[in-house]
Amino acid sequence: MNPAITVSVTGAAGQIGYALLFRIASGAMFGPDQPVNLRLIEIEPGMKALEGTVMEIEDGAFPLVQHITATSDLNEGFNGSNWALLVGSVPRKAGMERADLLGINGKIFIGQGQAIANNAAADIRTLVVGNPCNTNAFIAKESAKEIPSDRFFAMTRLDENRAKSQLAKKAGVHVSDVTRMTIWGNHSATQYPDFANALIKGKPVEAVINDRPWLENEFISTVQQRGAAIIQARGASSAASAANSVVDTVASLVNPTPEGDWNSVAVCSKGDYGIDEGLIASMPIRTTDGKSWEVVPGLELDEFAEAKKEASVQELREEKVAVSGLLPV
Ligand code: NAX
């Protein structure tokens, strides 16, 4: 057996946490031979519910789970962590402006970034799920300068998976026939699902779905608004599909990407595709050795795609400005 991987999860008693922890415990994230230690972090009001979740993990009798820690103390929660999954955040409430939300969450992610830098293992990698996830990841990265910036990620895999399933449905193929799906920019309603560079059964999407107006309009807005549609139908925001995408994101970063394919992850830009250095923006990513990642180079973006990507990156620039006063100097 390999030594255990320590995984810290914030917001562990929330609905994504509830769907996620059992997948990690079962081996879905790191494989069937990889033991895990779970460090579960909640704010004080969530601790009682977290106690119940821990009881259920224990009752799962998972062979791979070695230790479970439940805490509201960030230093304890990130102690020795190899992966920090930052799921918890404060949701937008009625009457709250986007800037207010950025400010409230900004403070949380400064504290978490610092606690990660002070307590985690040397190989720590951090994935932010809690919204606004790109800018929260940006704040955590800026608050943990000791950690290389290529170890901070924000989740756009749910958007990728949603885009693939919409294309598969339209083309009448299985979702696994859709590859090379890039989400550009922000995990928000401005994101751009790049149908032009995606493939269906190895062919360009437009060679299979000969309906550019559908691709430019209905497809993009369905992907962008999918979260809202689920809230309307379910009366609660997407949780199991989000947890599944957390599993997919981590699995795709710790395993080599299949030849010729890529996945969407928001990473720290090195100036790729005209995206400002330092912003956490979604791009096409592949890994070769399961440790380091690279941005897939050389994708062509036509005028339509470029404008869409740029609008989403512009939103990230504005979010960065909105939180800049909070950041440690
Ligand atoms: P819930 O409200 O069910 O759970 C959030 C949990 O986080 C609560 O138990 C709360 O007590 C805890 N929490 C709040 N602040 C915390 C802090 N400072 N430290 C530790 N725990 C804290 O929300 P849930 O449905 O689980 O969603 C969690 C986050 O994921 C939200 O921000 C949501 O917007 C975001 N999402 C992101 C997605 C993505 O693709 N990036 C998709 C799904 C989801 O909307």
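Which of the 24 residues around the ligand come nearest? In this predicted model, they are Gln-15, Ile-16, Glu-42, Ser-89 and Asn-131.

View 1. The ligand takes up the space of the largest pocket. Around the ligand, the shell is made up of 11 nonpolar residues, 12 polar residues and one charged residue. Two helices, α1 (15-26) and α4 (98-119), each contribute at least two residues to this shell.

**View 2. Position of the ligand relative to the domains.** The ligand lies between domain 1 (5-154) and domain 2 (157-320), because both domains give residues to the shell around it.

**View 3. Contacts between ligand and protein through N and O atoms.** An oxygen atom of the ligand is 2.9 Å from a backbone N or O atom of Gln-15. In the case of Gln-112, an N or O atom of the side chain lies 3.5 Å from a nitrogen atom of the ligand. For Val-129, a backbone N or O atom is placed 3.3 Å from a nitrogen atom of the ligand. On its own the ligand has 880 Å² of accessible area, of which the protein covers 81%.

**View 4. The cis peptide bond at Pro-132.** Asn-131 and Pro-132 are joined by a cis peptide bond, with omega at about -5°. The loop that holds Pro-132 runs between β5 (125-128) and α5 (133-142). Asn-131 is also one of the residues that come nearest to the ligand.

**View 5. The backbone at Ala-61.** Ala-61 is not a glycine, yet its phi is positive, at about 45°. This residue, Ala-61, is found in the loop between α2 (47-59) and β3 (65-71). As background to the last two views, most residues other than glycine have a negative phi, and most peptide bonds are trans.

Conventions: Residues numbered from 1 in each chain as written. Predicted model: local features only at pLDDT ≥ 70, side-chain atom pairs only at ≥ 80, totals over all residues. Heavy atoms only, no water. Near = heavy atom within 4 Å. Polar contact = N/O pair within 3.5 Å; in protein donor to acceptor, adjacent residues only side chain to side chain. Areas by Shrake-Rupley, 256 points an atom, 1.4 Å probe, with all protein chains shown as cover. 1 Å grid on protein atoms, 1.4 Å probe; cavity = no way out; pocket = protein on both sides within 12 Å on 5 of 7 lines; lining within 4 Å. Sits in = over half its atoms within 2 Å of the grid points. Helix = DSSP H or I, 4+ residues; strand = E, 2+ residues; numbered from the N terminus. Nonpolar A, V, L, I, M, F, W, Y, C, P; charged D, E, K, R; others polar. Domains from an automatic or database assignment.
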